[in-house]
Amino acid sequence: MSERIHSSTGPNGAGSKRRLTSIVAGTGVAVVGAGLAFQFFRAEPAHSQTQAPKTAAAPQTTQPVMARVNNQPIYYDAVAKESVNRVGAEVLDNLINRLIILQECDRRGITVSQEEVSREVTEIAKKFNLPADTWYQMLQSERNITPQQYRDDVIWPMLALKKLAGTEFKPTNEDMDHAFKRDYGPRVKARVVLVDGNIRQANEVWQECVANPDDFDRIAREKSADPNTRALGGVVPPIRMYGSPEQAQVEQAAFKLRTGEVSPVIEIDQNRYLVMKCEGRTDPVVTDIKDVWDELYKQVVEEKTQAAVASVFEKVKKDAQVQNFLVNSTTGVKKPAGAGVRPASAEVPGAAGTRPPAAVSQQPGAAIPR
């Protein structure tokens, strides 16, 4: 969120586009097909790709003709085969995930109506001061997602998972304090040297940094194993407190440093070490939490909801037995005899000719697990 605050450029600028990207790209039940690179046909004769070889006994095909090139037809099966070869695994994975969610909703007697879907879309559009139809148009132009894809693949799964999570979260004072420091508090400006190797090698680099702190830039360029920061003399984006649980050790070490001070060796992974130099701190964006309390409270509630959504999805997915014949894999546990399971049919949300029974609300920055 703090990145958005620091870099917002107005409702029609780059900031809005980044928010739009986070809303759609962060969804785990992803729409398939947008942005696919062109792929050449397999090395088969053109004739074999457009129609079945003719034999004396072969009956005339009844397949729909999808196109004609100089009166030579391209049949439905050729298009279907090529589509499965290109994106079939991803499409099937999406259908599997949606069916898992739908079956769990059936088991618990949970439904989500189309009215709920529409209300959620309207509420999301209002956050951008847009009517729903303009929001749909923006999604289609910016992300190549049709209104129905958005409703089926984004909104329905999230609403269903929220109902499956079934908890209304109330942030504690500690939750609010951490979020405030993360999004509005000062950050540590730093340079780092990443060492891939053993602790002896890391200590050698650390000793050189401590002995020559003014040459940290040079040491990083010569010895850091991180190609992204090496060319910058080890410069990293300002480090915020409570930014990521995975980076908690680095964050705590950064906030203990004074300007110009070099950290001890920090082990961040097996045979991976970090040496950091503090180059000061940024100014806080907001100094009084009361000024942003209401907005921050809603954000923390949404973050906790998303965490619960991810957790419940992982659980129902783990409990489901999935036999994927396209990629030849089987996961999950075997269901007991007689257990009711909805067949994979047109009732799957997003399947051709049907509409999902429920909708999922996708808030800015939220992510649907896959």
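## Close-up views of a predicted model

**View 1. The surroundings of Leu274.** Leu274 touches Val192, Val193, Leu194, Val250, Pro264, Val265, Ile266 and Ile268, leaving aside residues up to four places away in sequence; a contact means heavy atoms within 4.5 Å. This is a predicted model, in which local features need pLDDT of at least 70 and side-chain atom pairs count only at pLDDT 80 or more, while totals for chains, interfaces and linings use all residues. Residues are numbered from 1 along each chain as its sequence is written, and side-chain values use heavy atoms, with hydrogens and water left out.

**View 2. The largest nonpolar core.** This core has 16 residues, of which Val188, Ala190, Ile239, Val250, Ile266, Leu274 and Met276 touch the most other members. S3, S4, H12 and S6 each supply at least two residues of the core. A nonpolar core is a set of buried Ala, Val, Leu, Ile, Met, Phe, Trp, Tyr and Cys residues joined through side-chain atoms within 4.5 Å. Buried means under 20% relative accessible area, exposed over 50%, and partly exposed in between (1.4 Å probe, protein chains only). A second, separate core of 14 residues includes Leu139, Ile145, Val154 and Ile155. In soluble globular proteins, nonpolar side chains tend to be buried together.

**View 3. Helix H12 and its cover.** Within helix H12 (residues 248-256), the residues Val250, Glu251, Ala253, Ala254 and Phe255 are buried. Their cover includes strands S3 (188-196), S4 (235-239), S5 (266-269) and S6 (272-281). Helices (H or I, at least four residues) and strands (E, at least two) are DSSP runs, numbered from the N terminus.

View 4. Leu274 in S6 is the bridge partner of Ile266. The hairpin has 2 residues between its strands, and Asn271 takes a positive phi near 60°.

**View 5. A nonpolar surface patch.** Met66, Tyr76 and Val79 make a nonpolar patch of about 280 Å². Patch residues have over 30% relative accessible area and no salt bridge; like charges are joined within 9 Å, and nonpolar side chains (Val, Leu, Ile, Met, Phe, Trp, Tyr) within 5 Å. A salt bridge is a side-chain nitrogen of Lys or Arg within 4 Å of a carboxyl oxygen of Asp or Glu. Val79 lies in helix H4 (residues 76-108) and is partly exposed, with a relative accessible area of 33%. Accessible areas come from the Shrake-Rupley method with a 1.4 Å probe; for residues, only the protein chains shown count as cover.

Note on methods
Pairing = 2+ DSSP bridges.
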